[in-house]
Amino acid sequence: MTFSGKVEVIKQEKKGPGIFRLDLDAPEICGEAMPGQFVHLKTTDRGYDPLLRRPFSIYDLDRQQGVLSITYKVVGLGTGILSGRQRGETLEIMGPLGRPFSIFEEDRRVLMVAGGVGYAPLNFLARLLQKKNVEVEVLLGARKAEELVGKEDLELLGISAEVAVEEGSPRGYKGRVTDLLERKLKGHSFHRLYSCGPCSMLEQVARLSRQCSLPGEVSLESIMACGVGACLGCAFPVKVDPSSTADNDQSIQAVEYETRYKRICVEGPTFSLEEVF
Ligand SMILES: Cc1cc2nc3c(=O)[nH]c(=O)nc-3n(C[C@H](O)[C@H](O)[C@H](O)COP(=O)(O)OP(=O)(O)OC[C@H]3O[C@@H](n4cnc5c(N)ncnc54)[C@H](O)[C@@H]3O)c2cc1C
Ligand code: FES
C-alpha cells in the first residue's frame, strides 16, 4: 500500500559536488518497497514553491530499522531546498510508487550500466540480487570523476565495478560508459542487463544489447506532476505488440509494433528495453 504522510530526516550527507544522500525514517514505506520504485517528496514545508513533489528512486533501504535512502543531484529549486534539509526536520512523502524492476529467478549473472545519479535505482537492485547469489557487475559512467555515484557503496558490497569518466580519471577508462559496455558484451555470458541514466545513453545501451540479444530493463525519468497516474504529464511512447493484451509483457517479439503512451509514474518507471527503444 502507498504511504502518504510526514517522515523525519535522519541524515543528510554530501557525497560530491551537488550530490547528496538523504536517509529518512520511513518504516511504512520500507516494508513493501522493491528496487526500481520511487518516492515522491515535497521538498519544502515553508510555503508553496515548489508546489509539486519531486520523484526520487529508492537508493537503499534497511527494512529492519525502517530507514529509506535516496541519492540525488541538485539541479534546480526543489533539489536545492532538499539539500538544505537537516536531521530532525520532517518531509512530506508518498511511496512506494511505480513498477519495480522485474527479477528473474533463473538469472545467475547480470550487468548494470549507470550514468551518473542514474545509479540510484540500481544500488537497491544490486543489493537484492547479491542476496539471491546472483553475480552482479556494474559499469559506472560520469562526465567528471567527482560525479560518479555509487562507487564506494559497491566496494562495500564487494561488487565489481568498472568506471568510465568522459573527462578522464586515474582510476578508470577515459570515455563513455557505453564504450565499456561494447567491450563487455563481446562474447559475454550475462543473462540480463539493467540500466538507468540519460536517455541518449539508454538508447546506446539498447542498441548494443539488441546486437547481442541480451534482454534488459531500464528505469526512465521524466518531469512529474502528480506521480500517481492522474495528470498524464509523464506519458512516454512505448512499442506495443497489438496482439498482446498483457501490460509490460516481457515476451514482446519483433512484430508489427504499435506506438502507445504509458505513464512513467504508474506503468514505469521501469520498462523492458525492447519496449522503449
Ligand atoms: C522516477 C524518477 C526517479 C528519479 N530518481 C532520481 C534520483 O534517484 N536521484 C536524482 O538525483 N534524481 C532523480 N530523478 C530526477 C529528479 O526527480 C529531478 O532531478 C528533480 O525533480 C528536479 O527537481 P528540481 O526542483 O531540483 O528541479 P527543477 O527546478 O524542477 O528543474 C531544474 C532543471 O532540471 C530539469 N529537470 C527536472 N526534473 C527532471 C527530470 N526528471 N529529468 C530531466 N530533467 C529534469 C528541468 O527541466 C530544469 O531544466 C528521478 C526522476 C524520476 C521521474
Ligand atoms: S506524473 Fe501525473 S500521470 Fe504521471
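**Close-up views of a predicted single-chain model**

**View 1. Ala206 within helix H6.** Ala206 belongs to helix H6, which covers residues 199–211. The model shown here and in the following views is a predicted one. Ala206 has a relative accessible area of 3% and is therefore classed as buried, the limit for that class being under 20%. Apart from residues up to four places away in sequence, Ala206 touches Leu273 and Phe277. Ser195 is eleven residues from Ala206 in sequence, and the C-alpha atoms of the two are 9.4 Å apart.

**View 2. The chain as a whole.** The chain contains seven helices and 16 strands. Its C-alpha atoms fill a box of roughly 50 × 50 × 35 Å along the principal axes. A compact globule of 277 residues would have a radius of gyration near 19 Å, and the 18 Å of the chain agrees with this. Of the 277 residues, 52% are buried. Among contacts with a separation of 6 or more, 67% are between residues 24 or more positions apart. The accessible surface amounts to about 13,000 Å², and carbon and sulfur atoms contribute 49% of that area.

**View 3. Thr178 in helix H5.** Helix H5 spans residues 177–184 and includes Thr178. The relative accessibility of Thr178 is 9%, so this residue counts as buried. When neighbours within four places in sequence are set aside, the contacts of Thr178 are Met201, Gln204, Val205 and Leu208.

**View 4. The seven-stranded open sheet.** Seven strands form an open sheet in the order S11-S10-S9-S8-S12-S13-S16, and their pairing is mixed. Strand S11 (173–174) and strand S16 (270–272) each have a single partner strand and stand at the edges, so one side of each has no neighbour in the sheet. Strands of a sheet pair through backbone hydrogen bonds, in either a parallel or an antiparallel sense. Strand S9 (residues 135–142) and strand S10 (residues 160–165) run parallel and are joined by six bridges. One of the residues concerned is Leu140, whose bridge partner in S10 is Val163.

**View 5. Strand S13 and its partner S12.** Strand S12 (residues 192–196) pairs with S13 in the parallel sense over four bridges. Within this pair, Ser195 stands opposite Val218 of S13. In a regular strand, side chains alternate between the two faces of the sheet. Strand S13 (residues 216–219) is covered on both faces: Gly216 and Val218 are buried on one side, and Glu217 and Ser219 are buried on the other.

View 6. Six of the seven residues of strand S6 (residues 67–73) are buried, and the strand is mostly covered. Strand S2 (residues 19–25) runs antiparallel to S6, and seven bridges join the two. Leu24 has Leu68 as its bridge partner in S6. Strand S5 (residues 60–62) also pairs with S6 in the antiparallel sense, over three bridges. Here Asp62 is opposite Val67 of S6. Four residues separate the strands of the S5 and S6 hairpin, in which Gly66 takes a positive phi near 75°.

**View 7. Helix H3 and the residue Asn133.** Helix H3 (residues 120–131) is largely enclosed by the rest of the structure, because nine of its twelve residues are buried. The buried residues include Pro121, Asn123, Phe124 and Leu129. Asn133 lies in the loop between H3 and S9. Phi of Asn133 is near 60°, a positive value in a residue other than glycine. With a relative accessibility of 64%, Asn133 counts as exposed.

**View 8. Ser213 in the loop between H6 and S13.** Ser213 is placed in the loop that lies between H6 and S13. Ser213 is a residue other than glycine with a positive phi, near 50°. The relative accessible area of Ser213 is 65%, and the residue is exposed.

**View 9. Two cis peptide bonds.** The bond from Gly95 to Pro96 is cis, its omega being near 0°. Pro96 lies in strand S7, which spans residues 90–97. Gly268 and Pro269 are likewise joined by a cis peptide bond, with omega about 10°. Pro269 is found in the loop between strand S15 (258–263) and S16.

Methods
Residues are numbered from 1 along each chain as its sequence is written. Chains are lettered from A and ligands numbered from 1 in the order in which they are written. This is a predicted model: local features need pLDDT of at least 70, side-chain atom pairs count only at pLDDT 80 or more; totals for chains, interfaces and linings use all residues. Side-chain values use heavy atoms; hydrogens and water are left out. Buried means under 20% relative accessible area, exposed over 50%, partly exposed in between (1.4 Å probe, protein chains only). Contact means heavy atoms within 4.5 Å. The radius of gyration is taken over C-alpha atoms; the globule rule is 2.2 Å times the number of residues to the power 0.38. Accessible areas come from the Shrake-Rupley method with a 1.4 Å probe; for residues, only the protein chains shown count as cover. Two strands pair if DSSP finds at least two bridges between them.
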